[in-house]
Structure formats: C-alpha cells, structure tokens
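Please keep the sequence and structure at hand while reading.

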Amino acid sequence: MRRRRLLFGLAAAAGTPGHRVRAQFRTMVRGEVLRGQFTQERQIKGFERPLVSAGDFVLASGLGLIWRTERPFAIVTIITAAGLVQEVDGAETTRLAAVRLPFFARLYELLGGALSGDWEALETQFQVTRHGDARQWDLALMPQAGADKLSMPFSSVMLRGGQFLDEVRIVRLDGDSDRLAFSGQTLGTGGLSDAEAAALRRAGK
Amino acid sequence: MSRTLAVIWLVVVVILGANLVWRVHQGLSFRTDLMALLPRDEADPSLQRVNDRVAGSLSHRVAFLVGHRGRDHARGDAARLARALADSSLAEIDDVPSGRNRFAALGALYFPYRAGLLAEDDRERLLTGHPEALSIRALSQVFGIAGMADAGLLRRDPFMLLPVFFAALPLPSSRLGVEDGMLSTTTDADMTWILVSARLLGDPYALDVQDRLNAAFEAALRVVRTTDPEVEVLRAGAVFFAAAGAKTALADMSTLGTVSSVGTVLLILLVFRAMTPLLLSLLAIGVGMGAGLSVSLLLFGELHIMSMLLGLSLIGIAVDYSLYYCVEIFAPGERTPRQRLARVMPGITLGLVTTAIGYATFLLAPFPGLRQVAAFSVAGLVASFATVIFWLPLLDRRGPARHGRMLLAMMTVLWRFWRAPNLRHARGALLTTLAGVAIFGAWRIGAVDDVRRMQSLSPELVADQARMQQIAGLAIGTQFFVVRASDEEDALRSEESLLDRLHKLVLSGALGGYRAPASFVPSAQRQRQNRDLVRTRLETPLLASYLARIGLPALAQEPEADAGADGVLTLAMAANVQPLGTLLSELVVPQGVQDGGGVAHIVMLDDVRQSDAVRIAAEGIGGVDFVDPAADFSRLLGRYRRRTVGLIALSVVLMLPLLALRYRMLGAVRVMLPAVMTIVLVPLAKAVFDQPFTFFDAIALVLVLSIAVDYAVFCAEADAAYQPVALLGVAMAMTSTALSFGLLARSQVAAVHAVGSTMLIGVALAFLLASMAGRRRDGECA
C-alpha cells in the first residue's frame, strides 16, 4: 500500500541527551516496535451479548500488526499492507488480500495511522477533529463525504490517548460497534522475536 | 523468331512491372508472424478455429507497467502514455472498474446463490471430513480484529462461506488494487507501479500497425522521460515481440540485399573486367526479382517478411543463368552470342527444371508461407532464365575474352584433382576425411523442433515480461484448454473435472493458476452438490454449537427465500455483470465459431511450469484439448521436418529419369552422386559443430539439392576443352550464392541462420564435388 511507513508510534523522551523531554505522542519511526495488551468488545445487533476478546498485540513499524487474541480462544491475526491472515493453532484459516477487499487496506491505514500518529494519512480518508493536547487528546474521524462505502464501512471512529493510544471506538454503518481498549504499551527498537518476524513475512507474501 | 520472342517477353515484363509499380504505389503490406509461414493443423478444423480465435484475442493484448518512486509521477506518466496510445486510435484502453462498483455488483450477483457456491478449498475440507476447519475460521473472524460479520450476514451465511468463495475468484492481475481509478501496486523498493492494459485494434502482425504503434508509444515515452527521467516502463504483448522480430528481419534484409548485391557486382567485374556482363547480369537479376515480387503479390496480395528475406537470397541463384552464359566468352574459339547461348542452353534448362522441382516440393507440403517463397522463387528464376535466353544474345556484342588464363588454370587444377590417376591417394584422403566427418557427425546429430529456439525473441522484452509477472502477477498466457460440449452445463461439468486436477497441480507447483467459466459459475450439478455438502456435513453437525458459542439466537428457517431452494446461478446471469462480463467473453467462445451448435469454453492457464503434467490432466475427460501453441507448433515442425526429408528423397528419385533422358541411367547416377553426397554431408558436417538439424535446414537442403544437381549438370555437359570454362561458371555461381546465403547465416533469427549456414556449406561442397560428374570417356585431362 502506498503509505507503508506511516505506522504509529509515540515517543517518550526521544533522544535529546541531557533533557528529559515530556512524554508525548509522536509518529513512530521505521524499526520501532510497539507492544501492548488489548480488550475488544464487539456489539452486534441481534446478538445476545457483546463478543468480548482480549490478548496482546505487536506493531512493527513498516512491517505490520500482529494481533494475538487469547480469550475466548487463541487466534492470531496478522495484518500487513498485503492483507490479512488469521492463524488458529499455527494453521492458516483465512487469508484475504488487501487488493481484493479494499476494506482491509483502509483498516490497516486506519489502525496504522491512529497508532502511529500519522494524522496526515488519516486525513486523506477522514475528516479529523482533534481535541486536547499532546498529553491527553482525542480525535474524531468522520469518513470523507463521498467515500466508498465498501472500503469505508464506518460511520465514525473515535480515538483517545495520551502518551499512547488508549482507546478506539468504531461505529459501523449498520450501527454495530467495536471498542478497543489498550494497556501496558511499551515502545522499543529491534524487539521482534524470530517467530514474530516470520509470521509477518508469511503474511506479507 | 528470336526477336519476336524477345518482344513477347518484353510485353510480359512490362505488364509484371506495371503491376508491381501499381502495388507499391498502393502501399505494400507485409506479414511478420513466423506462424503464418508454417503449416496448420488440419486434423480438427473446428478446434483450429477456436484456437485461432483465442490466439487472436491474446495477440491483441497490450499491457504496460509504469513505475516511479513518486506515486503521483507514476500515475501522471501512466496517464500520459495511455492517452498517447488512445489518441493514436491504434488501441482501446481497458476500463478500470471503479472501486465502488467493482465488487458491489459481484456481491449482488452471487449473494442469492451463495448456498451453492463454495471455494475449492472449502469444498475439499467438507469432502475430506474437516468441517471444523470452517467453523474455527468463522469463529476467528467473528471474534478477531476486523471482523466484518454482522448479525444479518451471519444469519444468512453463518460460516461466512461466500466471502471465501469471493476471495478465491481468479480475477486477473490479482496483485493489483484499484486506487483512484488506476490499477496499481507498490513494490519493496517503494516503487509505485501503474498498470495500463489495452486491446490493439489493428493486426499485431502487420508491419504498418507495429510501426505506427511503436512510433506513437516511443514519442510519448520520450516526452515522459524528459520530464521524469527516473520512470521505468515495462511492456508486454505479442505486438512488441513481433515488431522487434520484424525489425531484426528488416535489418537483415537490407544488409543482405546490399552486401550480396555489391559482392555479386564486384565478383562479375573482377572476373570479366568489363561492364557488359555486369549490366547483363543485373538485368537478369532485376527482371527476376521484379517478376518474383510481382507474381507473389498477384497470387497472395501480401508478402511475408520471411519470404522476402528468403526470396532475396534468390539473387544468388537468379544470377547463375547469366553467369553461365557470360562465362562462355572464356571458351576457346570465336563464337557469336547465339552460339554461346546454344552451348549453355541444355545446362541452364536442366538447371531451371531441377531447381523448379526442388521448389515444387514446397508446394506439395501445405506450408502457406513457403508457398510464397516457392512462388516468388519459381517466378523469379523463370523470369531470369527467360531474360537470359531471349534478351542477352541480342544485347551482347562482345567477342571472346583475352584474359582469364589464370582463372581457367585454377579451374583446371580442381578438375584434374578428380581425374588425374596420380592423385588417386589425395582423392582417397579427401573422401576418407569426408567419410570421417560424416561418421563423427552421424554420431552427434540431433534434431531440434522447438519453435522457441527458432525465433529470436528480444531479450529485453522477455526480461520486461518476467518483471511484469513478478511485480503485478500479470502474464499474458499462451497455453490453454479448449472444452467442447453439447451445452453449457456439460461444458461446466467437464471443466470441473479438469479443474479438480489442475487444483492439485497448482498445489504441487506445476502450474501457477487457471481461469475457467466454471471458476466463476459452477455447474448446476456442482451447485446442488455444494448445497447438500454444506447442509449435511457442516450445518447438521456444527451449526447449533457454533451459534451458541458466538451468542447468536438459533436461526429461524431460511429468513428470506432469496434464490429459492433450487435456484442456480447461470453463465447468462454472470455475463451481464462486470468485471465478469469481460472475463467470460474471453473464456466463452461465441456460438458459431465452432461446428454443430455446441459450446466451447476456454480454460486459461497462467505460468505453466510443467507442461507435460498439465497436458496429462485432460486425459480421460471428453471434449477437452490442451493447446500449447508453441509445443503444438514445434510438433508440427518436427512432422514437416521428417516430411521434407522424404520430399528430398522423392526429388532425387524424380530427377533421375529426367537426367537419364540425356545422360542414360548410369550418367544420371553419376550426375546425381555429388549432389546426393552433398545433401547427406551438410547436416552431418553441421552436427560436428553442434548445430542441430531443424525443419529449416531440411528446407535449405531442398535448395542445395537443386543447386548441386545444377553444378553437376554443367560439369557433365562440358567436353574436355570446355571443362575449365564450365567449372568457372560453376565457381562464379557458387560464389554469388554463398555471398547471399552466407549472409543469412549471420542472422539473429535461428531459423534464418539455419537456412543460411546449410546453404553456405552446401554450395561450397557441391562446387568441390561437382567435377566428379564430368564425362569419363573424354579422359584427356589425365
């Protein structure tokens, strides 16, 4: 996809020796790895209860996102510019090419842009309204008028964060919604395990 | 009498000339595809018509990929090139389906029939008893990130099988995505690539179409390059290959024409040291060439560039008759032009007849292009011959030559070599050497029929094509299956049997991919089977527990009877929906192209890596034929190579009684001996240098046989006093032929090279051996 570098990031005290710069959200740079836990609560109309799942994630800037759901059962979802791959018990169950389903390309850009702080990327797809400051902020994203409903099946996306992205709420066109809460995030470089790197390579094929 | 004939011949020449001038004025059209030169498969004309249609539609495809590090640059440059192509009105740029409609219409088409649509892998899992794989996948999609499921969808397609079927559809150039109206992709090196594909409106093998297309494209490319020097442009399409091939052939042709003409002129000037023989020879060549061209155009309306190339080599043979005539000035004693003609008359007449027999064998074999060569050559030779016998004696005022003693002495040496008793050992040594070459060659000789090795494909274009495949997954395939059946349903069923086998080949890596009508619309039978499979093997055992797990209340009966329980999707419905309409129009051959009202479908193949495995896949499925044009064509070349060798043997047999009329049987055998030795030795000698024996060598051998007989006849005609003169004529004929055909040997096109090298070695050997045919009873030379 065209903006592969825009993965997200944030940074604390980025590098000025001798000065402890106040932690603030910033664009992640290539090679950085963001890790954290998530809880996802999916509300689907007509379902008896919300679908709740939880696990951890690894975002490797420029490479892709590994989303490891642990509860209610183990699913690994790997999203790269090439598309989405899901694995259960190490076996691939789903592979969807981004070019075939433009929705995934958008999702990648959305999550990537949101987590990496690349507002510019988001602005090509959404109207972005921002509140707050670098320590505590929230963003409201509305699809651009005339956006393709197939590749942009959202009515609104809300992002909230501080040093890191803390919460995402996605409301779909049909009223279903997802709430993603993030916690325990850490940012580092060179932190991909061999297995993670291999998974990203497999998914990127 | 002779003047009357000369005037009649003048009238004929003027008429042929007028026709030629008129045709040139109208604009000549040249064909450039090598395939057009060669024979067709007549065994199954209906299959041939389907093949022609598919090959024709494939050959009209043009595609280019424009790459640049800057996305906007790539897009701008691609747009400019596309516009230039469209403005030239030579090609129609393919529409890029808009993102909005590309999949929405497809979804609307398939959704009501989803119960009968299964991706191949899913069907396989159900058939092999692994339904849990499908429910795990569905769970992972419902719970995982980016779940697309909503309650409405899950109620109608609880295991979300339709999205999987949809994702598995073999839509072409699948590595490309539509982005703002352009098909594009990004590679690792951060290059944005934009694909522009188009359909050529003219004939890709017509020289003027190629020229205009290249001119328009190159001009646009220059403009793009001046503003954007870093842009990369890759091209694919038969037209580019054909144009590159034609360019090589044209370059060959102009070099060949020039060098062989200049060489022949120099040869004549050096030997005769006078202008008259040169002018006479040029007249004979000119009339021959013009008549050949004119008659070919009358008969065929157009010319193939290869016939032109081979026809041009005729300069070397057409000049023979005038050379034989002119060389008579070296003969002892005073003679009038008419007496000189009378002396060479039997020789050149026999020569013409034997050469014509050689070319006539081209007519016996059904080679469309070689018929052109034969017509061109026979007309040209007859015209040269007529010019020599009707005009030359009238135009020639020369007396005997005073020089030439040296040349004749040299010829005497060769003559003596074959005669002198004291040189018996030298002769033995030569023959032993030749026998050695023959044995060594016979041990190494091998035939090659692979057409891919006969054409010289532009390496640059081959590299472009490989990169396009790597970047965009785009390949303009050349291999396919034709599926013929009495109706659509039968055709779809046969395809499904075939696709089940091809699927395994894809998994084993023998095949890159395939695309058939049944990939988009399964047969009614398969749709019903799929429905049963899902019901009995997936829903019955797993649906209730699956729904409980995700927390969706049990499904009511089928919520809406979208397609009814029995509805099936048909090809006719799919043909109205883009992009399926376009795809299917390439895969479903319209009624009427094939006989008897049946239907014909195409299974296109991408990236065939093991063509034998793919060919075998169709075995046992009725009405399915594998078409691999290159391989089929190579087989055809092999068949005709063997047939041509048979025709050569037949020519030998036909020439014998003809020669026996003049020389008696024994004499005829003696005249044929050097010629037969030559045609046997040439391929063996080439084999010594690892050169394979091809169809094109066989064709050249036909000519070598005619020429070698010609040389031998001249030597046989000569009595003792004239032997050196005759041999001088042969030497000059050999040199001029070697000059023209020898240059063909330098051609980049393997087929032309084969003809050239065979001719070169052939005429040299024929000359060396020709004096063996000299009359034995005049043993004065010894």
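This is a predicted model: local features need pLDDT of at least 70, side-chain atom pairs count only at pLDDT 80 or more; totals for chains, interfaces and linings use all residues.

## Helix H7 of chain B

H7(B) is mostly covered, with 10 of its 13 residues buried. Among them are Pro131(B), Leu134(B), Ile136(B), Leu139(B), Val142(B) and Phe143(B). The buried set also includes Arg137(B), Ser140(B) and Gln141(B).

## The two chains

Chain A has 205 residues, of which 45% count as buried. It contains 3 helices and 11 strands. Along the sequence, the order in chain A is β-β-β-β-β-β-α-α-β-β-β-β-β-α. Of the contacts in chain A with a separation of 6 or more, 47% are between residues 24 or more positions apart.

Chain B has 782 residues, and 47% of these count as buried. Its secondary structure comprises 29 helices and 13 strands. In chain B, residues 24 or more positions apart make up 83% of the contacts with a separation of 6 or more.

## Helix H19 of chain B

Helix H19 of chain B covers residues 459–472; its 14 residues should span 20 Å at 1.5 Å a residue, and the end C-alpha atoms are 20 Å apart, in agreement. Which residues of H19(B) are buried? They are Gln465(B), Met468(B), Ile471(B) and Ala472(B). Viewed down the axis of H19(B), the buried residues fall within an arc of 135°, so they line one face of the helix. An α-helix has 3.6 residues a turn, so residues three or four places apart point the same way.

## Packing of H17 and H28

At what angle do helix H17 (residues 405–419) and helix H28 (residues 723–744) of chain B pack? The angle is about 95°, and the two axes are 8 Å apart. Angles of 65 to 115 degrees count as roughly perpendicular, and H17(B) and H28(B) are therefore roughly perpendicular to each other.

From H17(B), the contact involves Leu407(B), Leu408(B), Met411(B), Thr412(B), Leu414(B) and Trp415(B). These meet Gln723(B), Pro724(B), Val725(B), Leu727(B), Leu728(B) and Ala731(B) in H28(B). By class, the contact between H17(B) and H28(B) has 10 nonpolar residues, 2 polar residues and no charged residues.

## Two serines in chain B

Is Ser59(B) buried or exposed? Ser59(B) lies in helix H3 (residues 45–59) of chain B. It counts as buried because it has 21 C-beta neighbours inside 10 Å, and the cut-off for buried is 20 or more. Leaving aside residues up to four places away in sequence, Ser59(B) touches Pro204(B) and Ala238(B). Ser59(B) and Ala238(B) are 179 residues apart along the chain, yet their C-alpha atoms are separated by 5.1 Å.

Ser585(B) is part of helix H24 (residues 580–587) of chain B. With 12 other C-beta atoms within 10 Å, Ser585(B) is exposed, since 12 or fewer is the limit for that class. The C-alpha atoms of Ser585(B) and His601(B) are separated by 9.9 Å, and the two residues are 16 residues apart along the chain.

Technical notes:
Residues are numbered from 1 along each chain as its sequence is written. Chains are lettered from A and ligands numbered from 1 in the order in which they are written. Helices (H or I, at least four residues) and strands (E, at least two) are DSSP runs, numbered from the N terminus. The expected span of a helix is 1.5 Å times one less than its number of residues. The arc is that of the directions from the helix axis to the C-beta atoms. Axes are lines fitted to C-alpha atoms, for helices over the stretch in contact, and angles run from 0 to 180 degrees between N-to-C directions. Angles under 35 degrees count as roughly parallel, over 145 as roughly antiparallel, 65 to 115 as roughly perpendicular and the rest as oblique. Two residues are in contact if their C-beta atoms, placed from the backbone, lie within 7 Å. Ala, Val, Leu, Ile, Met, Phe, Trp, Tyr, Cys and Pro count as nonpolar, Asp, Glu, Lys and Arg as charged, and the others, Gly among them, as polar.
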